[in-house]
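Subject: Structure handover and notes

Hi,

Here is the structure we talked about. My notes follow below it; please read them with the coordinates open.

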Amino acid sequence: MEKTTKPLKTFMKPASLKQVRMTDTFWSSRQRNVTETVVPYQWDALNDAIPGAEPSHTIENFRLAAKEAEGEYYGMVFQDSDLGKWLETVGFVLSTQPDPQLERIADEVIDLLGRAQQPDGYLNTYYTVKEPGKRWTNLRDNHELYCAGHLMEAAVSYYEATGKRKFLDIMSRYADYIAEVFGRDDGQKRGYDGHPEIELALIKLARATGNDAYMELSKFFVDERGQQPHFFDLEADERIAAGDLRRDTPGQKKRLYDYFQAHLPVREQRTAEGHSVRAVYLYSAMAELAAQYGDEQLMNACKELWQDTVRRKMYVTGGIGSSAFEERFTVPFDLPNDRAYTETCAAIGLMFWAQRMLQIEKDRQYTDVMELALFNGVMSGISLDGKSYFYVNPLEVWPSAADFRNDMKSVKVTRQPWFGCACCPPNIARLIASLGQYLYSQQEDGGEIYVHLYAGSEFEAEVNGNQVRLSQQTNYPWDGQVTLEVTPAEPGEFTVALRIPGWCRQAAIRVDGQEADAAAHDNGYVKLRRVWQPGVRIELSLDMPVERMYSSPLVPANAGKAALQRGPVVYCLEEADNGANLHDIAIAADAEFDVHFDEKLLGGVAVLSGIGTRSVVPAESGQALYTTQSYSRTAVPITAIPYFAWSNRSRGEMTVWIRENG
């Protein structure tokens, strides 16, 4: 295909995985775990080979679609997407290290996808196996384009890793077919999927293939969303007319459009509404398209949606989507802790959105949220061994109540080996495997390298025709000391821009021993421009005390409470360290905490130790539910661990927010 895609209009381009080599102590072990444990484990899960885990049937569904097996379709309507995310993870893994056996497995399953693809390019096992003849009859609910999007993203990842085009060609055929079905011409559907995802995928596919038609198709899906007459009503009327009353009946109350972010045209949306994962996937695509087409109106909508999300609807952990009902945003400041839904996928999607906003505006507000979500809302979703997962990430757990109460049935006290709706496990795997592309960006026309996240790594890029290697060494997030060595092939002038995190009150920068002004930053980035000689060292020191975090008084759940944060890491109390009844523990307003690194605890974490108080319950009044006498309190030692590491030892209580006295 002729390459017609317009140059990207964003200010920066994120690093590709082939430009970054991770050497970080914290992240390398997790990426190695993804390669050695998570990817094989999830492959077994997709093949129903994990004893005791809920079956997936994903691979078997593709065998059924290819007419290589007999049986019935099993699983969610979006089961295909689990394979898409797994294959995308494989592509990310192969981008950084060769693995002939893994590549062979991927090639074999890609061959299966090719055999399952229909002659016209269609590729969806649910409709091929379970409901042939009903394609595109329920875009609102059945995730056809969503599944296509995840497979497209996987195809791009695998192509960029291996250079093999087969998967890319399969998905390009599918995209071409979709472009025939959807559009504004006579006989085409002016619709879009209930779950945004293909919008992001088509942008990637356009860049990988050079076919601008895919970019235009993404823009079509975004532009059509929320237009009147409402597409979801039209297709519901068609289902009713055809006698299909499983989802719709005449005269029924319409499902709220805001659940699908289709209550208004996207440029008129100002508040984050509905299903949180769908929302941030849509907003991510909106940001990219705003940059691609220079669409200021679309970008302004993104900015307002961002502010509504992070200022009114985001947890201190970077989690979003507080309600288990419809996995959605609710009203501003409705952030309950024990019933927090905060799906792992939502935190991942928030990172996607933050990264795209960052490339446009070069502002640390986006990086701060991206980092917060990464270390807390995302990493809490996977166990240290990579074999169990949280779909839901509450900030407070009382196990006996969580096990009993119907309004907490989504809350799990321990991570699960797999899920019938298994979107989160492969999503977190692909995020960890692709982390290198979040660390750095480059503004080519201005000769600038941006360092967003701090992790041991090497980044290689061409800057103004000069090959430059940037090496980073650090023990982040456990301390704030970062050393970067800049090595251009030839001496040359360019800029290295370092982020000073919003959580850091004091920072110092030295370049080859000479102090630089860390306070002179541009939207949180200190720009060091000079003629760089090979081997120049930058030393960045970020003060990292234990901080008390307080929520707005408008958040009812956190009144009179504080959370502990050090650097980007949010902490929690766990029953394993502090005993039961964590709700009763209180800390003084001026209490101080010691920090020590325990290499043997939870894979090696920085632990906070301090003194709090808890009630003394006399034996004679221990059975009283209510009393006219207040309880005296006694001093007790308390220990806080990183929130992401909770529930890796034993079942028990946990809380992020702690009562504060005085």
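A residue is called buried under 20% relative accessible area, exposed over 50%, and partly exposed in between, using a 1.4 Å probe and protein chains only. By that rule Phe-333 is buried, with a relative accessible area of 19%.

Some ground rules. This is a predicted model, in which local features need pLDDT of at least 70, side-chain atom pairs count only at pLDDT 80 or more, and totals for chains, interfaces and linings use all residues. Residues are numbered from 1 along each chain as its sequence is written, and side-chain values use heavy atoms, with hydrogens and water left out. Helices (H or I, at least four residues) and strands (E, at least two) are DSSP runs, numbered from the N terminus. Contact means heavy atoms within 4.5 Å.

Backbone points

Back to Phe-333. Its phi is positive, about 75°, although Phe-333 is not a glycine. Phe-333 sits in the loop between α13 (296-312) and α14.

His-143 is another non-glycine residue with positive phi, near 65°. You will find His-143 in the loop between α6 (139-142) and α7. His-143 is buried, with a relative accessible area of 7%.

Now the cis peptides. One joins Gln-228 and Pro-229, with omega about -5°. Pro-229 lies in the loop between α10 (212-224) and α11 (231-241). Another cis bond runs from Tyr-476 to Pro-477, with omega near 10°. Pro-477 lies in the loop between β7 (466-474) and β8 (481-488).

Helix pairs

Two packed helices are described by the angle between their axes and the distance between the axes. Axes are lines fitted to C-alpha atoms, for helices over the stretch in contact, and angles run from 0 to 180 degrees between N-to-C directions. Angles under 35 degrees count as roughly parallel, over 145 as roughly antiparallel, 65 to 115 as roughly perpendicular and the rest as oblique. A crossing is left-handed if the near helix is turned anticlockwise from the far one by less than a right angle, and right-handed if clockwise.

Take α3 (residues 80-96) and α7 (residues 144-162). They pack at about 15°, with axes 8 Å apart. That makes α3 roughly parallel to α7. The crossing of α3 past α7 is left-handed. On the α3 side, the contact includes Leu-87, Val-90, Gly-91 and Leu-94. On the α7 side, it includes His-150, Leu-151, Ala-154 and Tyr-158. By class, the contact of α3 with α7 has 10 nonpolar, seven polar and four charged residues. Here Ala, Val, Leu, Ile, Met, Phe, Trp, Tyr, Cys and Pro count as nonpolar, Asp, Glu, Lys and Arg as charged, and the others, Gly among them, as polar.

Next, α4 (residues 100-116) and α8 (residues 166-181). These pack at about 25°, with axes 10 Å apart. That makes α4 roughly parallel to α8. α4 also passes α8 in a left-handed crossing. Ile-110, Asp-111, Leu-113 and Gly-114 of α4 meet Lys-166, Phe-167 and Ile-170 of α8. The contact of α4 with α8 divides into four nonpolar, one polar and two charged residues.

Buried helices and residues

Helix α12 (residues 276-293) has 18 residues, and at 1.5 Å a residue should span 26 Å; its end C-alpha atoms are 26 Å apart, which agrees. The expected span is 1.5 Å times one less than the number of residues. Of the 18 residues of α12, 17 are buried, so α12 is largely enclosed by the rest of the structure. Gly-294 follows α12, with a positive phi near 60°.

In α11, the buried residues are Phe-231, Phe-232, Asp-233, Glu-235, Ala-236 and Arg-239. What covers them includes α6. Gly-243 follows α11, with a positive phi near 85°.

Leu-350 belongs to α14 (residues 344-361). Leu-350 is buried, with a relative accessible area of 0%. Leaving aside neighbours within four places in sequence, Leu-350 is in contact with Val-280, Trp-306, Met-314, Gly-318, Ile-320, Val-369 and Ala-373.

Last, Asn-558, in the loop between β14 (546-549) and β15 (561-566). Asn-558 is buried, with a relative accessible area of 6%. Not counting residues up to four places away in sequence, Asn-558 touches Asn-337, Ser-551 and Trp-657.

Best wishes
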